[in-house]
Amino acid sequence: MPATRPLHLAADIGGPPHYEARHYTALARLAERGTLDFVTLGDSFARPGLDALAVLARVAPATERIGLVPTVTTTHTEPFHVSSAVATLDWVSRGRAGWSPEVSTTEAEAALFGRRPAAPLADLWHEAREVADVAAKLWDSWEDGAEIRDEPTGRFIDRDKLHYVDFEGRTFSVRGPAIVPRPPQGHPVTVIDASAPEPRAAAVRHADVALVRAEDPAAARALREELRDRARAHGRDPERLRVLVSLPVELHTTADAVALAGLIGDWYEQGAAEGFQLRPAEPERDLALLVDGTVPVLQHRGLLRRFYPGATLREHLGLARPVNQYAHAGSPS
Amino acid sequence: MTKQLHLAAHFPGVNNTTVWADPRSKSQIDFSSFVHLARTAERGLFDFFFLAEGLRLREHKGRIHDLDVVGRPESLTVLSALAAVTEHLGLAATVNATFNEPYELARRLASLDHLSGGRAAWNVVTSFDAFTGENFRRGGYLDRADRYTRAAEFVATARELWDSWTPDGTPRPFAHHGQHFSISGEFTVPRSPQGHPVVIQAGDSGEGREFAASTADIVFTRHGTLEAGQEFYADVKSRLARYGRRPEDLKIMPGVTVVLGDTDAEAQEKAADIRRRQISPQNAIVALEQIWGRDLSAYDPDGPLPDIDPDPDSELVKGRVKVGDPFTVAAKWRALSEAKGLSIRQTVIETSGRQSFIGTPASVADRLTEFVTADAADGFILVPHLTPGGLDDFVDRVVPLLQERGVFRTEYSGPTLRSHLGLPTPVRKG
Ligand SMILES: Cc1cc2nc3c(=O)[nH]c(=O)nc-3n(C[C@H](O)[C@H](O)[C@H](O)COP(=O)(O)O)c2cc1C
């Protein structure tokens with residue numbers, strides 16, 4: 001990896017559940033002060049906690065630059081609603097949204113919905129891939145500039161720039177188009193934890209950011225190469241995939257924070273990955289040390305930028321705004 | 001104390017209410033528009049901010065309807081964000097009971113209630129058409145009767161979930177086994193600041209009214225005239241006792257528009273101009289086709305109504321609530337058009353508006369007060385024709401007069417939407 005490439009840093013702001021907006025807003029602002037690319041917030045129907053996407057929507061107007069990436073489950077939810085909510089997070093954050101698709105594997109989660117039994121992981125991730133696919137289609141179902149407000153003809157929209165997606169999956173179908181116009185980033189950023197084989201198969205097809213877990217830089221580099229090769233095999237440009245090592249962190253002192261900077265810098269310089277998603281044991285404590293201890297050292301070493309050069313999460317990540325898959329199809333709706 | 005009135009702000013959604021060609025009309029999707037209207041409403045000490053819902057783009061003659069404002073964000077997500085830029089304003093989302101599941105929706109609503117400090121509301125609607133269903137796993141499968149039994153069981157189930165944590169803050173297992181839902185487990189969210197988010201109902205059939213009487217905190221209605229309002233009000237309030245509820249436990253709020261002028265004549269002129277711009281020649285034909293169920297594009301909007309009969313089995317229009325038997329409506333329109341010598345467009349203008357309060361700020365304040373004191377309503381959901389500045393004048397010019405007359409609050413008395421509405425916190429069951 002060329003050394004000029006910026007290091008990407010993200011942090012998880014989960015931890016024990018809180019039920020007040022203030023807590024999450026404070027953490028996201030802290031991460032923003034450290035010019036991190038994005039924060040992640042995990043979610044599940046199975047354990048106490050608020051809806052993560054709602055929490056980050058609440059955080060959006062209270063922050064300016066930081067990317068916001070909630071976990072969104074695809075198993076018992078409606079793909080149409082999921083795509084609308086993620087697109088809306090992008091609208092309310094003015095282009096800072098991502099989402100991290102997840103599946104619900106247990107009978108306990110299935111019983112909360114009572115619609116179908118738990119399914120094997122491979123089936124659930126197959127479905128999650130279909131959800132990611134239909135979400136992208138729905139985000140594209142309005143071309144940019146579909147809203148024309150043409151007074152002479154009385155037309156508010158140009159319906160030739162709106163598209164039915166007519167998606168037929170194994171477990172659902174969606175006619176489209178979306179009710180939400182194409183979001184500011186075109187597609188919000190898709191982040192997939194690619195640790196296990198099933199989500200990895202989804203990541204190589206759909207992820208903009210893949211998270212990997214590894215014991216040492218060599219193992220991380222091997223994973224990164226594998227992901228890039230497989231993305232290429234699916235016809236994707238591997239330069240459009242960011243691989244971040246997901247690291248648990250526990251910081252008690254400034255010395256810990258400096259040591260973490262050393263580790264991050266070393267791994268990065270050995271080409272382990274394009275960056276790191278840090279998972280603090282205690283977000284309030286660890287994030288403060290990370291921002292005031294680790295970040296300045298990395299900046300001093302010239303590895304981490306000191307300010308946000310752009311406004312959207314895609315810009316932070318150096319990812320282009322996706323071309324609309326319908327825009328050149330030339331097929332009227 | 002004099003009966004107090006309640007006010008809500010409707011963010012213009014997908015309808016020809018919005019005059020998008022007006023130079024003051026801004027984006028219907030940028031977050032800044034939502035912030036503008038919400039802050040205006042909060043400045044005016046409104047009870048809540050209201051978002052409608054549509055889950056499929058409307059079609060007309062097999063193609064996407066392209067004349068009106070269309071494209072909107074997902075409600076609960078926008079409202080979560082608005083919670084960050086407002087402090088007191090209630091935040092009401094219209095969310096379908098047919099194409100959602102109780103566990104997930106109850107969780108999203110409870111999350112909004114926590115994130116807003118007790119300001120969440122849910123307008124329970126029941127679209128049922130296979131047309132909307134084509135976007136969902138569920139498909140379109142519910143007939144008219146079933147969608148209300150599902151909606152009622154949905155709300156009851158959500159209330160069980162909202163009640164499921166113990167007062168000391170630990171989840172207690174729930175199990176609900178009913179006709180539409182058979183679910184069990186633990187809810188992920190503690191009891192929210194309002195106990196239960198406020199429940200709104202919009203729908204006018206007997207089943208709809210009964211559903212409102214049994215479980216809703218607010219009814220959103222279209223009955224706007226004084227007489228129709230009083231009739232509806234008396235009918236719905238009389239249904240409450242059957243459920244052990246008091247008349248004041250359910251607030252009746254029609255959706256209305258307001259047009260202000262420095263004189264009554266000026267306001268009338270403005271209102272006529274707005275109606276003309278809402279009903280463009282193209283929109284007049286579309287409105288006619290919606291009733292007739294036929295292609296009427298050959299007709300002149302400035303000419304007379306067609307003398308052919310409506311097609312009762314028409315599939316021409318999709319995604320809109322039907323407004324009654326087409327033959328009855330057509331006959332009424334013809335009679336009106338003949339009696340007053342109205343063209344197609346004039347007839348549509350004359351028949352399609354909702355209740356409007358038109359006049360000087362003082363006369364509008366008087367009329368609003370009269371409606372509320374005469375028990376035609378408990379308050380109003382104001383539907384502006386401009387996004388997002390459509391309520392600026394109302395808040396600046398009418399609200400102070402309502403306050404002077406002693407019928408509207410001069411400050412918020414509490415932090416939650418229930419406190420604005422004077423509604424008690426629901427008693428925890430189980
Ligand atoms: C004032 C009012 C507002 C409504 N708003 C919505 C809406 O935003 N979204 C929706 O899907 N249905 C909406 N509805 C439709 C109702 O939920 C219901 O489907 C419809 O009124 C038919 O039910 P009914 O026969 O009981 O009237 C609304 C109805 C009324 C009366």
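How many residue pairs are in polar contact across the interface of chain B and chain A? The rule finds 30, with both residues at pLDDT 80 or more; a polar contact here is a pair of N or O atoms within 3.5 Å, and within protein one must be able to donate a hydrogen and the other to accept it, while residues adjacent in sequence count only if both atoms are side-chain atoms.

Bear in mind that this is a predicted model, where local features need pLDDT of at least 70, side-chain atom pairs count only at pLDDT 80 or more, and totals for chains, interfaces and linings use all residues. Residues are numbered from 1 along each chain as its sequence is written, chains are lettered from A and ligands numbered from 1 in the order in which they are written, and side-chain values use heavy atoms, leaving out hydrogens and water.

On to the rest of the interface. In all, 60 residues of chain B touch 65 of chain A (contact: heavy atoms within 4.5 Å). The rule also picks up 7 salt bridges between the two chains (a side-chain nitrogen of Lys or Arg within 4 Å of a carboxyl oxygen of Asp or Glu). B:Asp66 and A:Arg159 pair up this way, at 3.6 Å from N to O.

| Residue | Part of the residue | Distance to a ligand oxygen |
|---|---|---|
| B:Tyr148 | N or O atom in the side chain | 2.6 Å |
| B:Asp204 | polar backbone atom | 2.6 Å |
| B:Thr126 | polar backbone atom | 3.4 Å |
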